[in-house]
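Colleague: Please take me through the terms used for this model, and set each value against its cut-off.

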Amino acid sequence: MRVATDIGGTFTDLVYVDENGNFGISKAHTTPSQFENGVINVMESSGINPESIEMFIHGSTVVINALTERKGAKVGLITTKGTKDVLEIARGNRPDLYNFRYQKPAPFVERYLRLEVEERLNYKGEILTPLNEEQIPDILSFFKKENVEAIAVCYLHSYKNPIHEKRTVDLIHQLWPEIAVTASHEITKEWREYERTNTTVLNSYVKPTATSYIDRLSKRLTDRKVNGNSYIMQSNGGSTTFEGAKQSPIHMVESGPVAGIYGAAVLGEILGEENIIAFDIGGTTAKCSLISKGEVKVTTDYYIEKTDKTSGYPVKVPVVDIVEIGNGGGSIAWIDATGSLKVGPQSAGSVPGPVAYGQGGLEPTTTDANLVTGRLSKKNFDYEVDLEKVRDAIDQKVASHYDLSVEEGALGIIEIANSNMLNALKLISVRKGYDPADFSMIAFGGGGSMHAAALAKELGVKKVIVPVASSVFSAWGMLMTDLRHDYIQTYIKKLNDMDLSEINSTWNEMMDHAFNQFLDEGIDKGQVLFHCFVDMRYVGQEHTVKVPVPNSVWTSDTVEEIISRFHHLHEQNYTFKLLDASTEIVSLHLTGFGKVKKPTINTLITTGKLVNSALKECRPVYYKEEGWVNTEVYNRNELEPGMNINGPAIIEETSASTVIYSGQSLIVDSYGNLIIDTGVKQDGNF
């Protein structure tokens, strides 16, 4: 049996699949103080036998929480003489240009804990100044006196030659073996000193926390006789071992959310859909990503806490290209100083939760608004719902301010939330040169199916797919993942005078390193698959475009084909191409997949029942144009392949509801997925 668990802001999800391809799901409330308790709770509620688990895959928010809540370790930084202030200098990418009170984000390491060592390499990796090893003991003595809990080592140009970093780490292990330490070359071999230094620091910052959590979870699993292989979901869409995650926990920064994106790509492949907009709404956030021609886009230009007011903190590791906003089921509706209605980013979370939970929440949320407008039924909540208390909260906090009815106020909350989500969807599609009409949307998470039909129609997407067990789809995606590692190396060469023997040798060295890492993880060489990319630009440019390249031996014809691909992708991304301009490679990117056996997806058996057999009730639902409309509500568990439903209608399942509107229709496919026709025609009209 394969089991996947995913920790979200509100719920911890579990999906399992047995040897016969039978799936099961379970949900439990997230336990923020001890996340592993939520994992054990959801395993117990699922009823599975822990001893039958052959593979356990886990996605966690422990790293991103430690970063955003500033609950990591006290870090000391060792760096090249003259570069201790690179974290302070950062980049000149001030987003709020005319804000004269703007302040750069404070570094994660205070200046007095950033110490310099005499050593220097040039940009070729050649030693200019040898490492002064005698300075290391004094630095460690100072760090001990200051109660430093983790150390980051980042030397100039060590991405090209890590000899001094390796020696420094060896000395630290000899003199202070119990301290957590990270060297920059272990995390990234890309240039850009600020981004590389910050990423190294952040890995050290979360390393003790992540290690402690993984060790606690591992012990709890062992105590329950879970003896199968255990893996952690990474931000690049693949998984790694528990031990691998402990060494480089920064790769877990988006551990949970990206699993749903990867799952959407797998489901799209099963259904013959190459172009997908993956759309996930959870209790705290909404996330979306674009999958073009079956390819999940991965970037190393990732930031935490980046907004239109602050430049955030760069994390130079491979992360699925994802847009995330603070809008989910628990997002709080509030009125700002100008009298404008806002929804999020503040969230009621799982404690106290929305007002409907009855656990002390006083602020109206998106969930409360959906309940008041009839999109949700109080009968489906885990708690006893006081509907009048929910209505009073919306009235007092929102509706009365604008002299609206409670229903109008609730609908306003939903529309503001939808507007926020629509902007995020446009960021990954329209604003990157893609036509939404060429894509299908896969909607998942507890709230994805509730909002997707309205948003897809507004965006111009013709088809929405709501997968089976949509509320736990990210965990389902983990069951479909392979082990994955990304190897990215700065390699600045002009294409016009490329030394083919040199680049072929470099690719071979990277692949050999990858084979050895997978072998250490128990993956045979025959199970390893490579995808190759290069980051390219026109000579003189700053930013690059990622270009897929063959993973075979490069020839002169290969180079010409790569240049042609680059021109095409550059035009797609930036609306122009310069056919006569020289091009150059900036980085080589090797993605290695350790293939594991995937569970079989079974089609459903039909009994010939009529769709009315799945009808639960007919209840009033409040819509913008029509007001209250009696709407048919169906039990998803009773739907069979081939059944058709016309909107307006609601399809309810455990912890999720799908809403379709007038002029829209739905059909159940052979796997049990809900396929929604949004009413958007071929020309983009309705």
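Modeller: The model is predicted, so local features need pLDDT of at least 70 and side-chain atom pairs count only at pLDDT 80 or more, while totals for chains, interfaces and linings use all residues. Residues are numbered from 1 along each chain as its sequence is written, and side-chain values use heavy atoms, with hydrogens and water left out.

Colleague: Why is D482 called buried?

Modeller: Buried means under 20% relative accessible area, exposed over 50%, and partly exposed in between, with a 1.4 Å probe and protein chains only. D482 has a relative accessible area of 1%, so D482 is buried. D482 sits in the loop between α14 (473-479) and β25 (483-494); helices (H or I, at least four residues) and strands (E, at least two) are DSSP runs numbered from the N terminus.

Colleague: What does D482 touch?

Modeller: Contact means heavy atoms within 4.5 Å. Not counting residues up to four places away in sequence, D482 touches G238, S239, Y262, F593, G594, K595, V596 and K598.

Colleague: What makes α12 oblique to α13?

Modeller: The axes of α12 (residues 406-428) and α13 (residues 448-459) come within 10 Å and cross at roughly 55 degrees. That angle makes α12 oblique to α13: under 35 degrees counts as roughly parallel, over 145 as roughly antiparallel, 65 to 115 as roughly perpendicular, and the rest as oblique. Axes are lines fitted to C-alpha atoms, for helices over the stretch in contact, and angles run from 0 to 180 degrees between N-to-C directions.

Colleague: What makes a set of residues a nonpolar core?

Modeller: The set consists of buried Ala, Val, Leu, Ile, Met, Phe, Trp, Tyr and Cys residues joined through side-chain atoms within 4.5 Å. The largest such core has 73 residues, and I151 is one of those with the most contacts inside it. Helix α7 (residues 193-223) gives the most to this core, with 10 residues. Apart from it lies another core of 66 residues, V15, Y262, I465 and I562 among them.

Colleague: Why is R70 called partly exposed?

Modeller: R70 has 37% relative accessibility and so counts as partly exposed. R70 also has a positive phi of about 55 degrees although it is not a glycine. Most residues other than glycine have a negative phi, and most peptide bonds are trans.

Colleague: Which peptide bond is cis, with omega near 0 degrees?

Modeller: The bond from G344 to P345 is cis, and P345 is in strand β22 (residues 341-347).
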